[in-house]
Amino acid sequence: MSSSSSSYSTPCAACKFLRRKCTSGCIFAPYFPPQEPHKFINVHRVFGASNVSKLLHEVLPHQREDAVSTLAYEAEARVRDPVYGCVGAITFLQRQVLRLQKELEAANADLIRCAYNATIFIPSSGFSTETSSSMQPATGTLPVARDIGNQGGGWFQAHPHSLPHWGDDLSRDNSGGGGSTTI
């Protein structure tokens with residue numbers, strides 16, 4: 001949307017809301033079209049028309065559209081969440097990323113453990129065998145599954161780590177780290 005020097009047949013959303021005449025040099029007209037009155041209403045409620053006008057005059061013309069988009073996004077977030085605005089959404093998404101990273105690390109550890117146990121425990125008969133200490137890796141960092149025989153429907157005991165349920169409430173902090181989040 002670029003500014004035009006001709007006069008507008010219908011007032012822009014800003015001038016219509018402020019009940020004033022929309023002139024050809026209206027700073028709001030290129031960015032607040034009459035078809036999107038809610039966009040200006042939210043921006044006006046949060047920032048005020050005077051502050052938005054000052055900001056648009058201070059910003060270079062090629063950056064104004066991005067500035068208005070940012071103001072509109074923040075204003076909409078503030079209308080939905082008056083306390084945190086878009087910071088609340090950012091914090092929620094950061095917590096979700098951390099939780100998913102932890103799940104991925106746990107899944108990778110389980111995969112490595114299973115691959116390791118598959119190479120160590122190759123039963124030659126119907127019974128599983130314990131590994132000897134000579135078959136243990138030099139570092140000893142990978143845990144070895146316990147032999148539980150045919151009880152429980154499988155050869156090895158399941159890993160005690162349980163993955164979170166997909167239906168968990170994502171709004172609470174499950175990290176156990178005190179809820180501190182850096183933004």
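This tour goes through the structure stop by stop, saying what to select and what is found there.

The model is a predicted one, in which local features need pLDDT of at least 70 and side-chain atom pairs count only at pLDDT 80 or more, while totals for chains, interfaces and linings use all residues. Residues are numbered from 1 along each chain as its sequence is written, and side-chain values use heavy atoms, with hydrogens and water left out.

**The whole protein**

Begin with the protein in cartoon view, where the secondary structure comes to five helices and zero strands, in the pattern α-α-α-α-α along the sequence. Helices here are DSSP runs of H or I with at least four residues, strands are runs of E with at least two, and both are numbered from the N terminus. Of the 183 residues, 25% count as buried; buried means under 20% relative accessible area, exposed means over 50%, and partly exposed lies in between, with a 1.4 Å probe and protein chains only. The protein exposes about 12700 Å², and carbon and sulfur atoms supply 57% of it; these areas come from the Shrake-Rupley method with a 1.4 Å probe, and for residues only the protein chains shown count as cover. Among the contacts with a separation of 6 or more, 51% are between residues 24 or more positions apart, a contact being heavy atoms within 4.5 Å.

**The largest nonpolar core**

Next, select Cys 12, Cys 26, Phe 28, Phe 32, Phe 40, Val 43 and Leu 56, which have the most contacts inside the largest nonpolar core, a set of 20 residues. The elements that give two or more residues to this core are α1 (13–18), α2 (37–47), α3 (49–58) and α4, and α4 gives the most, with four residues. A nonpolar core is a set of buried Ala, Val, Leu, Ile, Met, Phe, Trp, Tyr and Cys residues joined through side-chain atoms within 4.5 Å.

Within this selection, centre the view on Phe 28, found in the loop between α1 and α2. Phe 28 counts as buried because its relative accessibility is 1%. Not counting residues up to four places away in sequence, Phe 28 touches Cys 12, Ala 14, Arg 20, Phe 40, Ala 49, Val 52, Ser 53 and Leu 56. One of these, Cys 12, is 16 residues from Phe 28 in sequence and 7.0 Å from Phe 28 in space, C-alpha to C-alpha. Then select Cys 26, which is in contact with Cys 12 and Cys 15 when its neighbours within four places in sequence are left aside.

Move to Asn 42, whose place is in helix α2. Is Asn 42 buried or exposed? At 15% relative accessibility, Asn 42 counts as buried. Leaving aside neighbours within four places in sequence, Asn 42 is in contact with Ala 75, Glu 76 and Val 79.

**Salt bridges**

Side chains of opposite charge can pair when their charged atoms come close. The structure holds five salt bridges, each being a side-chain nitrogen of Lys or Arg within 4 Å of a carboxyl oxygen of Asp or Glu.

From Glu 76, show Arg 80 as well: the two form a salt bridge, with the closest N and O atoms 3.7 Å apart. They are four residues apart in helix α4, and therefore separated by about one helical turn. Arg 80 is exposed, with a relative accessible area of 59%, whereas Glu 76 counts as partly exposed at 41%.

Now select Glu 36 and Lys 39, which form a salt bridge with the closest N and O atoms 3.9 Å apart. Glu 36 counts as partly exposed at 29% relative accessibility, while Lys 39 is buried, with a relative accessible area of 19%.

Select residues 86–120, which make up helix α5 with its 35 residues, reaching 51 Å from the first C-alpha to the last, close to the 51 Å expected at 1.5 Å a residue; the expected span is 1.5 Å times one less than the number of residues. Its buried residues include Cys 86, Thr 91, Arg 99 and Ile 120, and what covers the buried residues of α5 includes α4 (64–80). Asp 110 and Arg 113 are both buried, and they form a salt bridge with the closest N and O atoms 2.6 Å apart.

Finish at Tyr 84, in the loop between α4 and α5, which counts as exposed at 52% relative accessibility. With Val 83 and Val 87, Tyr 84 makes a nonpolar surface patch of about 300 Å². Patches are made of residues with over 30% relative accessible area and no salt bridge, with like charges joined within 9 Å and nonpolar side chains (Val, Leu, Ile, Met, Phe, Trp, Tyr) within 5 Å.
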